[in-house]
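Trainee: I would like to go through the charged pairs here. Please hold each label against its cut-off.

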Amino acid sequence: MKKITRRQFLGLCAGTALLGGGGWAFARGLLLPQVKEKAAVLLGGDKVRALRQIVAGDNKASRTIMWQSPVRLTSPAVELAGGEGGGTVFPAQEEVFSDDGVTNYLYTAALTGLSAGTPYGYRVTADGEAGAWNSLTTEDGGAFTALIFPDSQSNDYSGWKQLAQDAAARTPEASFFVSMGDLVDNGEDHTQWAAWFDAVEGIIDRIPAAPLMGNHETYNQQWKVREPAAYLRSFAVPGNGNSEDDRRYYSFDYGPVHFVVLDTQQEEEKEWHPDLLARQQEWFREDMRRTDQKWKVVLMHKDPLQYRIHNRPERAEGFSDEGRVWMPLFDEAGIDLVLSAHLHTYRNRGHIKDFRRDAAGPLYILTGVAGNVRYPGLWVDHALDEFVAPQPETDNYLTLDAGEDALIIRCFLPDGTKIDETAVTK
């Protein structure tokens, strides 16, 4: 059955592993050994798909490795090479996941006891076979660069793939990347998840991802809201201490920065989790009390500002439901930077506190769009906008350079042209 996009669906309603073979590989200067043990069998048999690294709570000493397979593997594990702990084999946990008529075996290995600032090699082993070596580098606690990708949902993921690959090639120093939610257009469509992972092949197996859930992760094939099952199983992010909310929101440290990843899908999830917001806000306050990092950065999918829409006079400019419930907590916690998405437009709003412009408040950046879903001419500029991407808008990506003295955020067009730069200092 041919699948359609949400826009096509709504229009109709309105009208009527990526494992390489053997050989030599480099992991940021670490020469890895040649692989000969049936690596081609793993590749040719397509047993390992969507090999990926996920950020851990402590990225100096740990890393999460995941992959999936259409068949059950025997003795699945990740073997580590290089650095202290090299030669260790970490068993992988298995989960059987059926969705969209497809069954996959998901494998997760938690690598622990690693040394800070150290390059490693890792490879998947299973069924008496071994895959190719891949690179992994733990953080050293100092300055770093991260890639930030806005909504990548698409009806053709080739553009997203080109943008991601080009951005990574231009930013080889990136330590990890953030995907700001709405990774896919339809959260149940397994072909879109396959396309998303294909787009970041060679990136996500080399540096870890820090994903956010968006509202599109909650849609089923009939464009009705459901639990975001595929998203929640695809990314074993750090735990938040609540089994009901596991993987929906989380935090992690990298260098001098404490990142808080929020779940802003309360409206979509209210049928199943009516008290999610209250629990998450309580967790947020406790998480802020525990951290002693110099910088605090919030990552949230839905935007805290509300925009007027052309030809929709009933929609007022102001703040969204998400903004009204979260921005006072950001002020209270002394958040330095808030990155959001959802509206598919890049906007730099400067600093806001107590719902008005104030240099003492967090810097608010609406990150834009990385897929091919555009909203040309939809939004009326907000009074708090300090910079708006050139119109009509195209794709973009961002970098975050974090050090002891500043957070520097830059926004780039797909060809690498920089269109905005701003910094937070203290």
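Trainee: Why is arginine 248 called buried?

Mentor: Its relative accessible area is 4%. Buried means under 20%, exposed over 50%, and partly exposed in between (1.4 Å probe, protein chains only). So arginine 248 counts as buried. This is a predicted model: local features need pLDDT of at least 70, side-chain atom pairs count only at pLDDT 80 or more, and totals for chains, interfaces and linings use all residues. Residues are numbered from 1 along each chain as its sequence is written, and side-chain values use heavy atoms, with hydrogens and water left out.

Trainee: What makes glutamate 227 and arginine 248 a salt bridge?

Mentor: The term requires a side-chain nitrogen of Lys or Arg within 4 Å of a carboxyl oxygen of Asp or Glu. Here the closest N and O atoms are 3.0 Å apart. The pair therefore qualifies. Glutamate 227 sits in the loop between β14 and α5, and arginine 248 in the loop between α5 and β15, so parts 21 residues apart in sequence are tied together. Helices (H or I, at least four residues) and strands (E, at least two) are DSSP runs, numbered from the N terminus.

Trainee: Is glutamate 227 buried, partly exposed or exposed?

Mentor: Partly exposed, at 25%.

Trainee: How do you know that glutamate 332 is exposed?

Mentor: Its relative accessible area is 58%. That value is over 50%, so the label holds. Glutamate 332 forms a salt bridge with arginine 285, at 3.6 Å. The pair links helix α8 to helix α7, 47 residues apart. Arginine 285 is partly exposed, at 33%.

Trainee: How many salt bridges does the structure hold?

Mentor: It holds 32.
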